[in-house]
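Dear colleague,

Please find below the structure that I am handing over to you, together with its sequence. My findings follow directly after it.

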Amino acid sequence: MRVLSITSEAIPLIKTGGLADVAGALPKALNEHDVDMRVLLPAYNTLRPLMDKANLLWKTKSCLGYEVRAFALVKDGIQFLLLDCPALYDREGGIYNDGEGADYVDNHMRFAVLSMAAAMIVEEGLSDGWQADILHAHDWQAGLAPTYLKLRGKCKVPSVLTIHNIAFQGWVSADALQQLDLPAEEFHAGSLEYWGQLSTLKAGLVFADAITTVSPTYAGEIKTPEFGMGLEGVLNNRSRDLTGILNGVDDVWSPAKSDDFLPYDVKSLGNKAKNRTALLKEFSLPKMDGPLAIVVSRLTDQKGIDLLIDALPSYFARRGGLCLLGSGAPDLEIALHQLRAKFPDQFGLRIGYDEALSKRMFAGADAVLVPSRFEPCGLTQLYGLRFGTLPVVANTGGLADTVINANTAALQKKTATGIVMTRIDTAALMEALNSLIDIYAQKRVWKTMQKNAMIQVVDWSESARVYYKIYSDILNTD
Ligand code: ADP
Ligand code: GLC
């Protein structure tokens, strides 16, 4: 089975968040099912040097008016197709916005061209004879790929759209319809129109044959007004075609192998203790008896960082510690710096993005905090489980699906793997942090939870099987 995956980011080439982890992990996971996946993404300026060694496999003089080419290259065993269109992708800033954080004004065009190129590649095949059986689009950036494929009607290849985050919907003014080569007669509420505008995510939700999102709980949540962010109606209409499939964790995230920290497993947690000492040192924090928690996150409203800032003083008062790595909203960064100045011996802060450091943090810490307001899946709680770094999470989306709360019953049955907040507010986070302090003090209970967490299966095997089943189902439906 040949699948063309369309994404705006994928590891190991380019990453701003979990979408990249998932888009880069899926080809490897699906390989087990004999799926031959190629991953199409823009040739951003940082990726241009890779094109020297890549093979030109497809080109067109006009993709929505742009001349574009697709170059194939293999990186870490993944088959990538880099879409070359310097006018749209060869830019100095970030992949979605300029260096100052302002979104590119032509983002709709940048990702419409990616989507149209995907549809054309599916229709025409590549010059090495590769022909897709299925198109798999990710998020709003690729939402128009299923749309173009269906509306052009040149081939019957079915498509899947995966929602990684419904908060990002790809809103475009209705004036752009013609520029995007979308038919005016499709501009109505049952199709492309969305509150007087166009949403590329909604378009994908209407035209894809199957819709997936990244956890079963989120699949239910987005059908409600509280979490659907306006798209709950469309999702209720397509409820039969919507499946929640949990993300997995790639093998590169393992406590058992690393040059960067002392490797450990369930039987050698002594090494984790040494990593803890090293982590405290790295963040210039003194020895600490209470739990050492970490946060590795984008600093945004979604991630509940404001709740955390309000809850932390009482946690610090009870001798808890925290190392935080993240970047994002300037007001949150400032508030974190202020908190750090008040608790210099308990709070270590790094503003920035650093994958190697994040791994040392998981290897050394006792707990990872994820108090998100909503979380489609979340990956850091999964890393936490694998590393025996117990997750303290909000009761939402993939967090709710992956962490077993340390309530009395679960503690008695010895099944608990973390702490789940009862509500998503500051008081509930303070309660959860109190539980963290209390449970951490009970060394035997803590160790049992660590072991439970580390043996929980968080790899891709089951989820890959479900993706494969969905591909098979849509291939077999007329
Ligand atoms: P989201 O995609 O919403 O940001 P996820 O939990 O799905 O949330 O994925 C975030 C990914 O980005 C994880 O792999 C996490 O480790 C990583 N990450 C986030 N912020 C940082 C950072 N400042 N430094 C290193 N890695 C980070
Ligand atoms: C999004 C979500 C996150 C999810 C990731 C990968 O960025 O916010 O919860 O884990 O996509 O699917």
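In this predicted model, a backbone N or O atom of L379 lies 2.9 Å from an oxygen atom of ligand 1.

The shell around ligand 1 holds 20 residues, of which G18, R298, K303, G352 and Y383 are the closest. By class, the shell divides into 5 nonpolar, 8 polar and 7 charged residues. Which elements each supply at least two residues of this shell? They are helix 1 (18-31), strand 13 (292-299), strand 14 (321-328) and helix 13 (380-386). The largest share comes from strand 13, with 3 residues.

I turn next to ligand 2. Its surroundings consist of G18, L19, V22, H164, N165, V214, N247, Q302, E375, P376, C377 and G378. The shell of ligand 2 comprises 5 nonpolar residues, 6 polar residues and 1 charged residue.

In the side chain of E375, an N or O atom is 2.5 Å from an oxygen atom of the ligand. The backbone contributes at P376, where an N or O atom lies 3.4 Å from an oxygen atom of ligand 2, and at C377, where the corresponding distance from a backbone N or O atom to an oxygen atom of ligand 2 is 3.0 Å. Taken alone, ligand 2 exposes 310 Å², and 92% of that is buried by the protein.

Two helix pairs also deserve a description. Two packed helices are described by the angle between their axes and the distance between the axes. Helix 9 (residues 269-282) packs with helix 12 (residues 355-364) at an angle of about 130°, and their axes are 7 Å apart. Helix 9 is therefore oblique to helix 12, and the crossing of the two is left-handed.

The second pair is formed by helix 10 (residues 305-317) and helix 16 (residues 426-441), which pack at an angle of about 40° with their axes 9 Å apart. This angle makes helix 10 oblique to helix 16. The crossing of helix 10 and helix 16 is right-handed.

Finally, I draw your attention to two features of the backbone. The peptide bond from I11 to P12 is cis, with omega near 0°; P12 is placed in the loop between strand 1 (2-6) and helix 1. Helix 1 is also one of the elements that each supply at least two residues of the shell around ligand 1.

Where is the other feature, L64, placed? L64 is in the loop between strand 3 (55-63) and strand 4 (66-75). This residue has a positive phi of about 50°, although it is not a glycine.

With kind regards

Terms used. Residues are numbered from 1 along each chain as its sequence is written. Chains are lettered from A and ligands numbered from 1 in the order in which they are written. This is a predicted model: local features need pLDDT of at least 70, side-chain atom pairs count only at pLDDT 80 or more; totals for chains, interfaces and linings use all residues. Side-chain values use heavy atoms; hydrogens and water are left out. A residue is near a molecule or strand if one of its heavy atoms lies within 4 Å of it. A polar contact is a pair of N or O atoms within 3.5 Å; within protein, one must be able to donate a hydrogen and the other to accept it, and residues adjacent in sequence count only if both atoms are side-chain atoms. Accessible areas come from the Shrake-Rupley method with a 1.4 Å probe; for residues, only the protein chains shown count as cover. Ala, Val, Leu, Ile, Met, Phe, Trp, Tyr, Cys and Pro count as nonpolar, Asp, Glu, Lys and Arg as charged, and the others, Gly among them, as polar. Axes are lines fitted to C-alpha atoms, for helices over the stretch in contact, and angles run from 0 to 180 degrees between N-to-C directions. Helices (H or I, at least four residues) and strands (E, at least two) are DSSP runs, numbered from the N terminus. Angles under 35 degrees count as roughly parallel, over 145 as roughly antiparallel, 65 to 115 as roughly perpendicular and the rest as oblique. A crossing is left-handed if the near helix is turned anticlockwise from the far one by less than a right angle, and right-handed if clockwise.
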